[in-house]
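Please look over the sequence and the structure shown below. A short report on the fold comes after them.

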Amino acid sequence: MKGKIRAIVVDDSALVRSLLSEIINRQPDMECIGTANDPLIAREMIREMNPDVITLDVEMPRMDGIDFLGRLMRLRPMPVVMISTLTERGAEVTMKALELGAVDFVAKPRVGLAGGLNELASQIVDKIRIAAAAHVRRMPVRHASAIVHPEPGAAAAAPAQPPSALLGRLSTEKLICIGASTGGTEAIREVLVHMPADSPAIVITQHMPPGFTTSFATRLNGLCQITVKEAVNGERILPGHAYIAPGGKQFSIARSGANYVAVVDDGPPVNRHKPSVEVLFKSAAAVVGRNAYGIMLTGMGADGAAAMREMRDAGSYNYVQDEASCIVFGMPREAIAHGAADEVLPLTQIAPALIARLRGTTDRLHHRI
């Protein structure tokens, strides 16, 4: 039998350290092997104890959590779950942490800390379990300029062409649907930064709580050639735009005449998620049919797998991220098991493959694997 998950808690609050330690130690499959009130102490503890996971606060003395995370993921990559306060700044730094390689995050309540953390106990330990099994890699240093302007010869190097030259023959009725969960923020970034300005509209559900998707959309919008924004109920879905499901809401697609429109509502959780990939993909199967392209990226669980098969049965062409490039190969594995995949590809090959298909095969019958 595999041993317990060994965790270190890093937080400058003695109360938070105590609460998180207690939450972790209540679990039969994990133990808190140490706590640290700043990253420099944590660094020595990591060297000595070699934990499976660390939980990391953002604002701490001597070195903030983001600086520490960046150094950690360059020198000694390991699973990290961020504990971030739900504020506008907290959301922005959380997006930065995920970019640097943190597996996931928990939104720490601003008031009622003890009661709030205990209410989040099941979420915290679930994310620690997922992190312990995640595929964590040394993170490369990225520069926005390198992302916005791909290297010459790259598959997605289309900006040099005149606007609308790349996909000019493509019907504006085409729609690209993306679903993701754990590890998905960076996977989505990897796909979107390569999409040309005249791309078909893109709709996205990433499992994320309220308060964080605005910062996520803003960060992506600054990196991409397309416009990236949170979806708003009733707005028209336009080419050259990507729309992200707001945290804590359900997002689906409807038709209004010849146009697609966003439906954002307060519907119940589906597969325990809100937003749910199942909701978005099921609407795409019903409304978009053979004009849809589906993409399933890294994530825990099975959300969206059944609906992605519905999309394929309705005529969509679907891409699924392969195991080797996933942080967590849960949702992609289930999509494959449901027979929803046309192609299973490494993350870096998904956008080039999609663009190639949009360029050259839009009027052909889909080829099935």
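The model is predicted, so local features need pLDDT of at least 70 and side-chain atom pairs count only at pLDDT 80 or more, while totals for chains, interfaces and linings use all residues. Residues are numbered from 1 along each chain as its sequence is written, and side-chain values use heavy atoms, with hydrogens and water left out.

**Whole chain**

The protein has 13 helices and 14 strands; these are DSSP runs numbered from the N terminus, with helices (H or I) of at least four residues and strands (E) of at least two. Of its 369 residues, 55% count as buried, where buried means under 20% relative accessible area with a 1.4 Å probe, protein chains only.

Five strands form an open sheet in the order 2-1-3-4-5, with parallel pairing; two strands pair if DSSP finds at least two bridges between them. Strand 2 and strand 5 stand at the edges, each with a single partner strand, so one side of each is left without a neighbour in the sheet. Strand 4 and strand 5 run parallel and are joined by five bridges. In this pairing, S84 stands opposite A107 in strand 5.

Angles run from 0 to 180 degrees between N-to-C directions, with axes fitted to C-alpha atoms, for helices over the stretch in contact.

| Helix | Residues | Angle |
|---|---|---|
| Helix 3 | 65–75 | about 150° with strand 3 |
| Helix 6 | 121–133 | about 165° to strand 5 |

**Cores**

A nonpolar core is a set of buried Ala, Val, Leu, Ile, Met, Phe, Trp, Tyr and Cys residues joined through side-chain atoms within 4.5 Å. The largest has 63 residues, and I178, L192 and L297 touch the most other members. Helix 13 (residues 347–360) gives the largest share of this core, seven residues. Apart from it lies another core of 30 residues, including Y243 and Y260.

**An aromatic pair**

Rings of Phe, Tyr and Trp (its six-membered ring) pair if their centres lie within 6.5 Å; planes under 30 degrees apart count as stacked, over 60 as edge-to-face and the rest as tilted. The count comes to two aromatic pairs. F105 and F212 form a tilted one, 4.6 Å centre to centre with 45° between the planes. F105 is in strand 5, and F212 lies in the loop between strand 7 and helix 9, 107 residues apart.

Key. Contact = heavy atoms within 4.5 Å. Buried < 20%, exposed > 50% of the residue type's maximum accessible area, 1.4 Å probe, protein only.
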